[in-house]
Amino acid sequence: MSSTAARPRPKHLNLMQIRQPMPAIISIMHRISGAVLFLLIPLLLWLFQASLESVVTFAEFRGVVAHPLVKLVLIGLLWGYLHHLLAGLRHLFLDLDIGTELETARLTSIIVLSAGIVLTLAVGVALW
Amino acid sequence: MVNREVVGAHYGVRDWLAQRATAVIMLAYTLLVLMALVMLPKFDYWHWKALWQLQLMRYATLLFVIALLFHAWIGVRNIFMDYIKDAGVRLTLYVVVIFALIAYGTWTVQILWGK
C-alpha cells in the first residue's frame with residue numbers, strides 16, 4: 001500500500017512540456033489575439049482618420065498601407081480579428097450547450113484555427 | 001437599498017452577458033462593413049468619403065465602437081486580473097486602459113462627424 005503512495009507522480013507543470021489540447025491552444029490564441037487587437041486600436045483609428053480627412057491624407061493613407069511591412073502587420077491584424085471572431089462564435093455555441101462533447105470540441109477548435117488561417121490567406125492574397 | 005456586492009456570485013454574470021451581447025453587435029457590424037466594401041463601386045477618396053457620410057454607417061460604427069470599448073474593457077481587465085498580482089499596479093493599469101478607451105471613443109466621433 002505504501003509502495004503505491006511512494007511512487008513518484010508525473011508532474012508536468014512546465015507549460016513548454018505540456019502537450020496542450022487543441023481547445024486550449026484556441027483559447028490562449030483567443031486571449032492573445034484580443035490583447036493585440038486592443039493594443040492596435042490607435043493604429044487603426046489613425047489609418048481610418050487619414051483615409052477620410054482629405055484627398056491628400058487619403059493618398060498618404062494609401063501609401064502607408066502599400067508598404068510591405070504595414071501590409072504584413074495589417075494582415076496579421078486581420079488574422080487576429082478573424083481568429084478572435086471565429087473562436088468567439090464557437091464560444092457562443094458552447095454557451096448554448098452545442099458542441100460541448102470532447103470530440104466535437106476538438107473538431108470545432110481545429111475548424112476555428114484553420115478557417116481563420118484560410119480566410120486570412122484568401123483576403124490577404126486578394127489585398128496584396 | 002444600495003447593492004453593496006463586491007465579489008458576490010453575481011459579479012461576473014453581467015460581464016459574461018455583456019461580453020456576448022457586444023460580440024454579437026460587432027459580428028453584425030463586421031458583416032455590414034463587408035457588404036459595404038463589396039458594394040463600393042470604386043475605392044477612391046470620394047466614394048470612400050461618401051460611404052462614411054451615410055448616417056447608417058456613422059451610427060452603426062458608433063454602436064460598434066461603443067460595443068468594442070466595453071468588450072475590450074472586460075477582456076483586458078480579465079487579463080490583468082489573471083497576471084498582475086500587485087493591486088496598485090493593476091489599478092493603475094485599469095485607469096490607463098479606461099482613459100485610453102474613452103479617448104478612442106471620442107476620437108471615433110471626431111473622425112465620423114468632424115468637418
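The model is predicted: local features need pLDDT of at least 70, side-chain atom pairs count only at pLDDT 80 or more, and totals for chains, interfaces and linings use all residues. Residues are numbered from 1 along each chain as its sequence is written, while chains are lettered from A and ligands numbered from 1 in the order in which they are written.

**Chain A overall**

- Chain A has six helices and zero strands. Here helices (H or I, at least four residues) and strands (E, at least two) are DSSP runs, numbered from the N terminus.
- The order from the N terminus is α-α-α-α-α-α.
- The radius of gyration of chain A, taken over C-alpha atoms, is 21 Å.
- The C-alpha trace of chain A spans about 80 × 30 × 25 Å along its principal axes.
- Of the 128 residues in chain A, 17% are buried. Buried means 20 or more other C-beta atoms within 10 Å of the residue's own, exposed means 12 or fewer, and partly exposed lies in between; C-beta atoms are placed from the backbone.
- Two residues are in contact if their C-beta atoms, placed from the backbone, lie within 7 Å. Among contacts in chain A with a separation of 6 or more, 70% join residues 24 or more positions apart.

**A loop residue**

- A:D97 sits in the loop between α5 (68-95) and α6 (102-127) of chain A.
- Its phi is near 70 degrees, a positive value in a residue other than glycine.
- A:D97 is exposed, because 7 other C-beta atoms lie within 10 Å.

**Where the chains meet**

- Chain A gives 16 residues to the contact, and chain B gives 16 residues.
- On the side of chain B that touches chain A, α1 (11-39), α2 (45-53), α3 (55-83) and α4 (87-113) each supply at least two residues.
- That side of chain B has 11 nonpolar, three polar and two charged residues. Ala, Val, Leu, Ile, Met, Phe, Trp, Tyr, Cys and Pro count as nonpolar, Asp, Glu, Lys and Arg as charged, and the others, Gly among them, as polar.

**One helix pair**

- Helix α3 (residues 41-53) of chain A packs with α4(B) at about 10 degrees, with axes 10 Å apart. Axes are lines fitted to C-alpha atoms, for helices over the stretch in contact, and angles run from 0 to 180 degrees between N-to-C directions.
- α3(A) and α4(B) are therefore roughly parallel (angles under 35 degrees).
- Residues in this contact include A:F48 of α3(A) and B:W107 of α4(B).
- By class, the contact of α3(A) with α4(B) has seven nonpolar, two polar and no charged residues.

Key: Angles under 35 degrees count as roughly parallel, over 145 as roughly antiparallel, 65 to 115 as roughly perpendicular and the rest as oblique. The radius of gyration is taken over C-alpha atoms; the globule rule is 2.2 Å times the number of residues to the power 0.38.
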